[in-house]
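Thanks for coming, everyone. Let me put the structure up, and then I'll walk you through it.

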Amino acid sequence: MTMKTDRHQGLDDLFAEARATPRPPSQALMARVLADAMEVQPKGVSAIPLRRPMPRPGMWQRLAAVFGGAGALAGMGTAAAAGLLIGFVQPGDLSALGDAVLGTPLETVELIPSVDTLLDGN
Amino acid sequence: MDMPRDMQADHQASETDAALLARYAAGDPAAARALTARLVPRAVGYAARLLGDGAEAEDVTQEAMLRLWRAAPGWRDGEAQVATWLYRVVTNLCTDRLRLRKRRPASALDDAPEVADGDRGAVAGMIEADRMTALQAALDALPDRQRQAVVLRHIEGFTNPEIAAVMDIGVEAVESLTARAKRALTALLAGRREELGYDDEN
């Protein structure tokens with residue numbers, strides 16, 4: 001029995017020696033671990049991911065929304081360009097038709113009445 | 001033999017691992033240094049005992065720490081002790097490595113460092129180194145689970161409930177593994193008592 005106790009005592013001594021003589025990690029390992037830490041560390045002040053703010057709609061999107069979509073806006077753009085062209089070119093027949101309908105010579109045309117109020121609304 | 005001490009972490013001693021991990025997750029680089037200084041020496045020592053190989057132990061430690069860094073943002077305080085969690089990861093990584101090693105021709109068991117016997121002035125140091133080599137060789141000869149349990153209990157200084165948490169088993173199983181490991185180690189080392197310098201002590 002005493003023999004067995006002695007043997008365990010020897011083992012406990014070995015454990016005590018092992019505890020007292022830890023193997024220090026190499027500097028290279030410490031550097032590798034720290035480099036990993038810096039690489040995967042969450043950046044910024046908060047670790048909680050913020051919800052991405054909805055992008056603010058641009059001017060064209062807001063304008064299109066006013067007229068009921070981009071298709072409608074494109075149609076209006078085409079009409080406006082055509083009106084501008086007609087105004088510049090002043091086809092003789094059209095002037096005559098305008099005069100006949102309105103009764104007076106047509107000098108200016110307001111294509112989009114009071115456009116400022118539409119833009120101010122948003 | 002010099003006893004390496006970790007002076008860097010002393011001033012951080014009052015802060016828990018979990019608090020440091022939270023500061024790391026919040027972007028504090030000093031917390032990463034403090035955690036590295038505190039955890040890596042323990043983890044690499046433990047891995048070296050399980051694997052009997054310093055270089056492999058360093059690789060395992062780096063991998064385990066990387067997993068800790070990645071887990072930091074989602075870490076919930078109180079869910080698990082950081083050290084217990086890390087030891088569990090190291091244990092599992094070591095088990096995987098040992099399993100791989102068994103599939104290949106074994107060569108590492110006898111790779112323990114040689115002690116030069118020409119220097120008669122350092123007999124005590126030689127005996128000490130030899131004892132540690134003998135202990136490691138005996139640990140290497142144990143089954144994996146017994147080795148883990150006995151190293152955690154008697155070298156890392158964990159309590160049985162802590163070991164149970166690391167190894168994911170019950171406390172009774174820990175006690176059984178530790179007792180069997182000690183018996184096996186005693187038997188393995190019995191034949192080497194004289195050469196390990198125990199003759200003079202009794």
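I'll take the ground rules, then each chain, then the interface, then salt bridges and rings.

Ground rules. This is a predicted model, where local features need pLDDT of at least 70 and side-chain atom pairs count only at pLDDT 80 or more, while totals for chains, interfaces and linings use all residues. Residues are numbered from 1 along each chain as its sequence is written, chains are lettered from A and ligands numbered from 1 in the order in which they are written, and side-chain values use heavy atoms, with hydrogens and water left out.

Chain B to start. Its secondary structure is eight helices and zero strands. Helices here are DSSP runs of H or I with at least four residues, strands are E runs of at least two, and both are numbered from the N terminus. So the pattern along chain B reads α-α-α-α-α-α-α-α. Of its 202 residues, 46% count as buried. Buried means under 20% relative accessible area, exposed means over 50%, and partly exposed is in between, with a 1.4 Å probe and protein chains only. Now contacts, meaning heavy atoms within 4.5 Å. Take those in chain B with a separation of 6 or more: 63% come from residues 24 or more positions apart.

Chain A next. It has six helices and zero strands. The pattern is α-α-α-α-α-α. Buried residues make up 16% of its 122 residues.

Now the interface. How many residues are in contact on each side? 44 residues of chain B touch 33 residues of chain A. The size of an interface is often given as the accessible area lost when the parts come together. Here the buried area is about 3600 Å², and carbon and sulfur atoms give 64% of that. The definition is the accessible area, 1.4 Å probe, that two parts lose on being put together, summed over both. On the chain B side, E58(B), Q62(B) and T186(B) lose the most area to chain A, together 14% of what that side buries.

Polar terms next. The rule finds twelve residue pairs in polar contact across the interface, both residues at pLDDT 80 or more. A polar contact is a pair of N or O atoms within 3.5 Å; within protein, one must be able to donate a hydrogen and the other to accept it, and residues adjacent in sequence count only if both atoms are side-chain atoms.

Which elements of chain B touch chain A? Helices 1 (17-25), 2 (29-51), 3 (54-71), 5 (123-141), 6 (144-154) and 8 (171-190) each give two or more residues. Helix 2 of chain B has the largest share, ten residues. By type, that side divides into 24 nonpolar, eight polar and twelve charged residues. Nonpolar covers Ala, Val, Leu, Ile, Met, Phe, Trp, Tyr, Cys and Pro; charged is Asp, Glu, Lys and Arg; the others, Gly among them, are polar.

Salt bridges. The criterion is a side-chain nitrogen of Lys or Arg within 4 Å of a carboxyl oxygen of Asp or Glu.

Take E17(A) with R131(B): the closest N and O atoms are 2.3 Å apart. The pair runs from helix 1 (residues 2-20) of chain A to helix 5 of chain B. Are these two residues buried or exposed? Both E17(A) and R131(B) are buried.

Inside chain B, R101(B) bridges to E56(B), closest N and O atoms 2.6 Å apart. That links helix 4 to helix 3 of chain B, 45 residues apart. E56(B) is buried, at 19% relative accessible area.

D144(B) and R147(B) also form a salt bridge, 3.3 Å from N to O. They sit three residues apart in helix 6 of chain B, so about one helical turn separates them. Both D144(B) and R147(B) are buried. And there is a network: salt bridges with shared partners join R32(A), E58(B) and D59(B).

Last topic, rings. There are four aromatic pairs over all chains. Rings of Phe, Tyr and Trp (its six-membered ring) pair if their centres lie within 6.5 Å; planes under 30 degrees apart are stacked, over 60 edge-to-face, the rest tilted.

Y24(B) and W69(B) have centres 4.7 Å apart and planes at 40°, so the pair is tilted. Y24(B) is in helix 1 and W69(B) in helix 3 of chain B, so the pair ties together parts 45 residues apart in sequence. Y24(B) is buried at 0% relative accessibility, and W69(B) is buried at 0% too.

Y46(B) and Y87(B) come next: centres 4.8 Å apart, planes at 45°, so tilted. Y46(B) is buried at 0%, and Y87(B) is buried at 3%. Ring pairs link Y46(B), Y87(B) and F158(B) into a cluster.
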